[in-house]
Amino acid sequence: MEFFYSKSKKDGSIVCGRDDWKRILSAFWVHHIEYKGKKFASIEMAFHWEKFKRTDKPELGDIYILGGPFDNDPAKGKSYSGKGSMKKLGCTLDVKKWGVDSKKIMWKLIVTRAIQDELFTNIIMNAPKPLLHFERNKKPIYGCYRCKITGELYGENYYGKCLERLSKELK
């Protein structure tokens, strides 16, 4: 059982000769991908570009295309597509549509990166399982967390499950 996220500390474990393998698995890891004819610094940037496509101001999402201000800081890019930021931008998200589309988009982005990034694919194939994407939300969808008191896991861990699914499909 391995927790990973964008700021995972090096813990001495090595996968594919890398001690930073847990960070590399993150959607925030900067590895340029081409998706729908556009280039993005990371999965995270392409994901938020897609999110803006489900608003009344889709052109605002073009800030995520490679060469924009978030290329080296995906965390700032994530906050740009948040509820408060969208409100400041005068932008309305079609929440229902995003709820239907977002997981399919994440799967497509993971597959796209795997096709374009051999190291990512090799790490997915060789990493210890299960892969648990750590997320600090009250109701995590893409990740999960362990309760400090009970040790119980909370959250869907959709991102981690996608990586495991891909690993199985590639075998």
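# Exercises on a pocket, a helix and salt bridges

The largest pocket holds about 1400 Å³ of space. The structure is a predicted model, in which local features need pLDDT of at least 70 and side-chain atom pairs count only at pLDDT 80 or more, while totals for chains, interfaces and linings use all residues. Residues are numbered from 1 along each chain as its sequence is written, and side-chain values use heavy atoms, with hydrogens and water left out.

**Exercise 1.** Describe the lining of the largest pocket.

*Solution.* A pocket is an open set of points on a 1 Å grid over the protein atoms alone, where a 1.4 Å probe fits, with protein on both sides within 12 Å along at least five of seven lines; lining residues have an atom within 4 Å of a point. The volume is the space filled by probe spheres set on the points, which are joined across faces, edges and corners.

Step 1: list the residues. The lining has 42 residues, and Glu-44, His-48, Lys-78, Glu-135 and Asn-137 lie nearest the centre.

Step 2: assign elements. Those that give two or more residues are α2, α3 (74–80), α4 (83–88) and α5 (95–116); α5 gives the most, with six. Helices are DSSP runs of H or I with at least four residues, strands runs of E with at least two, numbered from the N terminus.

Step 3: classify. The lining comprises 19 nonpolar, eleven polar and twelve charged residues. Here Ala, Val, Leu, Ile, Met, Phe, Trp, Tyr, Cys and Pro are nonpolar, Asp, Glu, Lys and Arg charged, and the others, Gly among them, polar.

**Exercise 2.** Determine how far helix α2 (residues 43–52) is enclosed.

*Solution.* Step 1: apply the cut-offs. Buried means under 20% relative accessible area, exposed over 50%, and partly exposed in between (1.4 Å probe, protein chains only).

Step 1: conclude. Ten of the ten residues are buried, so α2 is largely enclosed by the rest of the structure. Among them are Glu-44 and His-48.

**Exercise 3.** Examine the salt bridge between Asp-11 and Lys-22.

*Solution.* Step 1: test the distance. A salt bridge needs a side-chain nitrogen of Lys or Arg within 4 Å of a carboxyl oxygen of Asp or Glu; for Asp-11 and Lys-22 the N to O distance is 2.5 Å.

Step 1: locate the partners. Asp-11 lies in the loop between β1 (2–4) and α1 (21–25) and Lys-22 in helix α1, so the pair ties together parts eleven residues apart in sequence.

Step 2: Asp-11 is partly exposed at 45%, whereas Lys-22 is buried at 10%.
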